[in-house]
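Look over the sequence and the fold before reading on.

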Amino acid sequence: MGQLNAGIVPVTPFQQNCTILFDMDDKHGVVVDPGGDIDKVLGMLKDNAITAEAIWITHGHIDHAGGAMELKEALGIEIIGPHEADKMLLDNLENQGRRYGIGGVRNCVPDRFLTEGETVSFGGHVFEVLHCPGHAPGHVVYYNRAAKFAHVGDVLFRGSVGRTDLPGGDHAALIASIKDKLLPLGDDIGFICGHGPGGRFGEERRTNPFLT
Ligand SMILES: [Zn+2]
Ligand SMILES: [Zn+2]
């Protein structure tokens, strides 16, 4: 097993960080949150000779899940996650696409929902599933203990946190998810988030105005 690596493809008008997690040695991996612009995602995989084994979804918003069915059919792989509490959002993506004027969006039907405490993996890279509601009721975070890395989706951003004014949003639940589940993992955990640059939990614990 080689080192865990990540490549980012900004997708959709929301510039969402579609993330390809892969093994440096065998170039097998997963695509996290293919919200759209699937041609760009497929191009990134091809240019880097990466074989995607599955699609992992953090939560049911259009910029994260709107292109998942197209990618699933293009590659013949399964969609894993998020938590079932986001099913209502996933069933409503085509309506959201019309509302935002985004074409090519399809409702997302995961092959498997996830629950707190499960693990998902590719090669020898194991990720623990943390159910972190607040931004969306079924939001999950993928945490790799060995690599000290978490993909936090739209729960936490560098210097900010996820918005909670969308259906199913709950600010108190969001802050609890961050303070009770993410920050205790350790200051040295590096993260990639759904929008903008990633960072480290310690920096957020000390300086993020929503957490101090
Ligand atoms: Zn979101
Ligand atoms: Zn987002």
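Buried means under 20% relative accessible area. The model is predicted.

Q: Is Asp 63 buried or exposed?
A: The cut-off for buried is under 20% relative accessible area. Asp 63 has 7% relative accessibility, so Asp 63 counts as buried.

Q: Which residues coordinate the zinc ion (ligand 2)?
A: The donor atoms sit at 2.1 to 2.3 Å. Along the chain they follow the spacing D-H-x89-D-x40-H. The residues are Asp 63, His 64, Asp 154 and His 195.

Q: Which residue coordinates both the zinc ion (ligand 2) and the zinc ion (ligand 1)?
A: The two zinc ions are 3.5 Å apart. The residue that coordinates both is Asp 154.

Q: Which strands stand at the edges of the open sheet, and why is one side of each left without a neighbour?
A: Six strands form this sheet, in the order β6-β7-β8-β9-β12-β13, with mixed pairing. Each edge strand has a single partner strand, so one side is left without a neighbour; the edges are β6 (119-122) and β13 (199-200).

Q: In β13, what is the bridge partner of Gly 190?
A: Strand β12 (residues 190-193) pairs with β13 in the antiparallel sense over two bridges. In β13, the partner of Gly 190 is Arg 200.

Q: Through which helix does the chain cross from β3 to β4?
A: Strands β3 (residues 28-32) and β4 (residues 51-56) run parallel, joined by five bridges. In one of these, Gly 29 partners Ala 52 in β4. The β-α-β crossover is right-handed, and its helix is α1 (residues 38-47).

Methods
Residues numbered from 1 in each chain as written. Chains lettered and ligands numbered in written order. Predicted model: local features only at pLDDT ≥ 70, side-chain atom pairs only at ≥ 80, totals over all residues. Heavy atoms only, no water. Pairing = 2+ DSSP bridges. Helix = DSSP H or I, 4+ residues; strand = E, 2+ residues; numbered from the N terminus. Right-handed = clockwise from strand over helix to strand, strands pointing away. Donors = N, O, S within 2.8 Å, 3.2 Å for Na, K, Ca; no water. Buried < 20%, exposed > 50% of the residue type's maximum accessible area, 1.4 Å probe, protein only.
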